[in-house]
Amino acid sequence: MKKVTVIGGGLAGLSAAVFLHKKGCNIRLLESSPKLGGRAYAFYDREKNLYFDNGQHILAGWYQNTFEYLKAIGAYNKLDFQKNLEVNFYDTGKNSFNLKTYNLPAPFNLLTALLTYKALNFSDKISVLMIYKIFTDKKLESLKNVSELLRKINQKERLIKYFWEPFIFAVFNAKPENINCKIFLDILKNGFSKKEFSSLVIPKTNLNELFIYGAAEYFKKNNIGFTLKEKVSKIKIKENKVEYIENEKGEKIFSDYYVSAVPFFRFTDLFENEDYNRYFKGRGNINSSSIISLHLFFENEIPGNLLKNNSFGMTGLIGTKVQWIFKRNPYHLSIVISASDFLDEFTEEPAEKIFSRCISDLSKCITGFESLRVKDYKIIKEKRATFIPDNLCIDKRPDQVTELTNFFIAGDWTNTGLPATIESAIKSSKIISEKF
Ligand SMILES: Cc1cc2nc3c(=O)[nH]c(=O)nc-3n(C[C@H](O)[C@H](O)[C@H](O)COP(=O)(O)OP(=O)(O)OC[C@H]3O[C@@H](n4cnc5c(N)ncnc54)[C@H](O)[C@@H]3O)c2cc1C
């Protein structure tokens, strides 16, 4: 049996362990923190007696590698699938608009959704027709950024504000001017290549129950060893191979193969400067973007007709810092602010200021919101939630297969062609497992 050591127990590391075990490898996984899951986990808040996800995670129908991983760990049934893409939005004039795809083959489901979207006027709808270029015009890939691309295909200001911006912030956690055109075009072409790919998919449980407990169970059943609080501090390279890795206690760990599944902001630390510059120069040196979540708990039940949301209890806001609202139960809403670093230094604000800015946004958009009494709130800041898929990052994402004959790199930031997503993390591991 090939002995493989996986460094990092986020979704890339967990799925690498599962996929490589299925290929007959003998796996050991080392995780530096006291928990598995990396950037997708839930934690228990004693005071509120509740589990909180570190941020709302949404999947999509095109997350095929993620579904394979979830099936392997017995957690696929913990997902809720939307039949057709549907989202309700409110703008700062308290108007509500429903964006709904119909039961048509892709990409006509998207085009008809936009043509019947009441937020758009006649000239916006004419510009919707130009979207066909996304699926046909290869030259768009070489434009400077997505902002330029949207102008090039004549997308009107209102279409950008009421459709493209919410979509872009949700998928890329970055502004259009910071997004590479190829990644953007590939996501759209893939997401709208099949009708079921464009639907939203949402966890029915917290993130631990979805991604982690099943993996831990799988490890136990299959004798996959994993240790928490075991940080790898060094990867020793000799003659184009990893000779061994070393943990913080200075213990050497030898195996046939090694998979790094650490995030981009930890990768460089693993190597001697000379080795890093020789084999991976610049890799991992990419920019990151934050996500803030605000949980609001109300004294009284939120009136049923206050928010028009979809079957997932999800509502989008247009023209505000707050982008998404999720209704957890009649007394609890969670609010998402993506790419918060770009929004007037939102991330660095103290909790009370973030709270009041969000309440102001919600009151601007939702009739009757100001009459609700907030009993309590909680803010979760994830400062390096994702990398920014800008032009700079393209050359800085390493391939999963490296020049070192026994060393592979997994993680959302590796060269999968996808933005920083669960699917990118798990796809990277799938690519590696296919080499075994
Ligand atoms: C708030 C938030 C919301 C998000 N929303 C979505 C969403 O809606 N949809 C979506 O698809 N994606 C979303 N994402 C992104 C998604 O969570 C990540 O893309 C994914 O979890 C990355 O997984 P990973 O395994 O590549 O990296 P990580 O999760 O960062 O895992 C790396 C692991 O390596 C460990 N490690 C680091 N250094 C060492 C070392 N030296 N030795 C041993 N272990 C080490 C770390 O502790 C960590 O556990 C969101 C992320 C956040 C933070």
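Tutor: Sort the shell around the ligand by class, and you get 17 nonpolar, 12 polar and seven charged residues. This is a predicted model, so every value here is computed from it. In total, 36 residues surround the ligand. The closest are E31, R39, I58, Y63 and D412.

I422 uses its backbone, with an N or O atom 2.9 Å from a ligand oxygen. How much of the ligand does the protein cover? On its own, the ligand has 1,000 Å² of accessible area, and the protein covers 94% of that.

Which elements build the shell? Those giving two or more residues are α1 (11-22), β19 (374-387) and α14 (422-433). Keep α1 and α14 in mind, for both come back below.

Next, the domains. The chain is divided into domain 1 (3-40 + 58-77 + 204-286 + 398-433), domain 2 (99-198) and domain 3 (288-386). The ligand shell draws at least three residues from each of domain 1 and domain 3. How far apart are the C-alpha centres of these two domains? They lie 33 Å apart. The two domains also touch: seven residues of domain 1 are in contact with six residues of domain 3.

Go on to helix α2, residues 64-72. Its buried residues are N65, T66, F67, Y69 and L70. What do they pack against? Two partners are the shell elements α1 and α14. The others are β5 (59-60), β6 (79-81), β9 (200-203) and α9 (207-221). Just after α2 comes G74, with a positive phi of about 75°.

Q64 also belongs to α2. Q64 and K427 are 363 residues apart along the chain, yet their C-alpha atoms are separated by 8.5 Å.

Move on to strand β3, which holds A42. A42 has 7% relative accessibility, so it counts as buried. The cut-off for buried is under 20%. What does A42 touch, beyond residues up to four places away in sequence? The list is Y51, F52, D53, N206, L207 and N208. D53 sits 11 residues from A42 along the chain, and the two C-alpha atoms are separated by 4.0 Å.

N49 is found in the loop between β3 (42-45) and β4 (50-53). N49 is not a glycine, but its phi is positive, about 55°. Is N49 buried or exposed? At 55% relative accessibility, N49 counts as exposed, because the cut-off for that is over 50%.

N173 also has a positive phi, about 50°, and is not a glycine. Where is N173? The residue is in the loop between α7 (157-172) and α8 (181-191). Its relative accessible area is 3%, so N173 is buried. What surrounds N173, apart from neighbours within four places in sequence? N173 is in contact with I168, S289, S290, I291, S338, A339, A385 and T386. With T386 there is also a polar contact: the two side chains are joined at 2.9 Å.

P107 lies in the loop between β8 (96-100) and α3 (108-115).

I58 and D412 are among the closest residues. Domain 1 and domain 3 each give at least three residues to that shell.

Terms used
Residues numbered from 1 in each chain as written. Predicted model: local features only at pLDDT ≥ 70, side-chain atom pairs only at ≥ 80, totals over all residues. Heavy atoms only, no water. Near = heavy atom within 4 Å. Polar contact = N/O pair within 3.5 Å; in protein donor to acceptor, adjacent residues only side chain to side chain. Areas by Shrake-Rupley, 256 points an atom, 1.4 Å probe, with all protein chains shown as cover. Helix = DSSP H or I, 4+ residues; strand = E, 2+ residues; numbered from the N terminus. Nonpolar A, V, L, I, M, F, W, Y, C, P; charged D, E, K, R; others polar. Domains from an automatic or database assignment. Buried < 20%, exposed > 50% of the residue type's maximum accessible area, 1.4 Å probe, protein only. Contact = heavy atoms within 4.5 Å.
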